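Trainee: I have a new model open and I'd like to learn how to read it. Could you walk me through a few features?

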Amino acid sequence: MTYTDRELMVIAAAREIRDGELVLVGMRLPLLAFALAKRTHAPNALALFENGVMRESPAFETVLTVSEPSNVAGALWSTTTANIMAMLQQGLVDM
């Protein structure tokens, strides 16, 4: 099977996510990598978005921006960007 460069990036990024990690997830390809990791080997990983949303699993609808209602609905936690940056600074985010 042949993969595109984008598919290979998603696969490589997904492999870096460990089960139980708190992962700062970006949009599009990083979000796909998180979803792949959750479905294959890291069911307990948590996604943290820069807008302050923490999710256990990707949104059921396609998300184009992190603040869309479908990304906020069902979130474990919704806070501020400043709190997310503070967590990064304190070393509380694994990846």
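Trainee: Which helix holds Glu 7?

Mentor: Helices are DSSP runs of H or I with at least four residues, strands are runs of E with at least two, and both are numbered from the N terminus. Glu 7 sits in helix 1, residues 5-16. This is a predicted model, where local features need pLDDT of at least 70, side-chain atom pairs count only at pLDDT 80 or more, and totals for chains, interfaces and linings use all residues. Residues are numbered from 1 along each chain as its sequence is written, and side-chain values use heavy atoms, with hydrogens and water left out.

Trainee: Why does Glu 7 count as partly exposed?

Mentor: Buried means under 20% relative accessible area, exposed over 50%, and partly exposed in between (1.4 Å probe, protein chains only). Glu 7 has 37% relative accessibility, so it counts as partly exposed.

Trainee: In what order do the strands of the sheet come?

Mentor: Strands of a sheet pair through backbone hydrogen bonds, either parallel or antiparallel. Two strands pair here if DSSP finds at least two bridges between them. This open sheet has 4 strands in the order 1-2-3-4, with mixed pairing. Strand 1 (22-24) and strand 4 (77-78) each have a single partner strand, so one side of each lacks a neighbour in the sheet. Strand 1 runs parallel to strand 2 (residues 46-48), joined by 3 bridges.

Trainee: Which residues have the most contacts inside the largest nonpolar core?

Mentor: In soluble globular proteins, nonpolar side chains tend to be buried together. A nonpolar core is a set of buried Ala, Val, Leu, Ile, Met, Phe, Trp, Tyr and Cys residues joined through side-chain atoms within 4.5 Å. The largest one has 18 residues, and Ile 17, Val 25, Met 27, Phe 34 and Phe 49 have the most contacts inside it. Helix 2 supplies the largest share, 4 residues.
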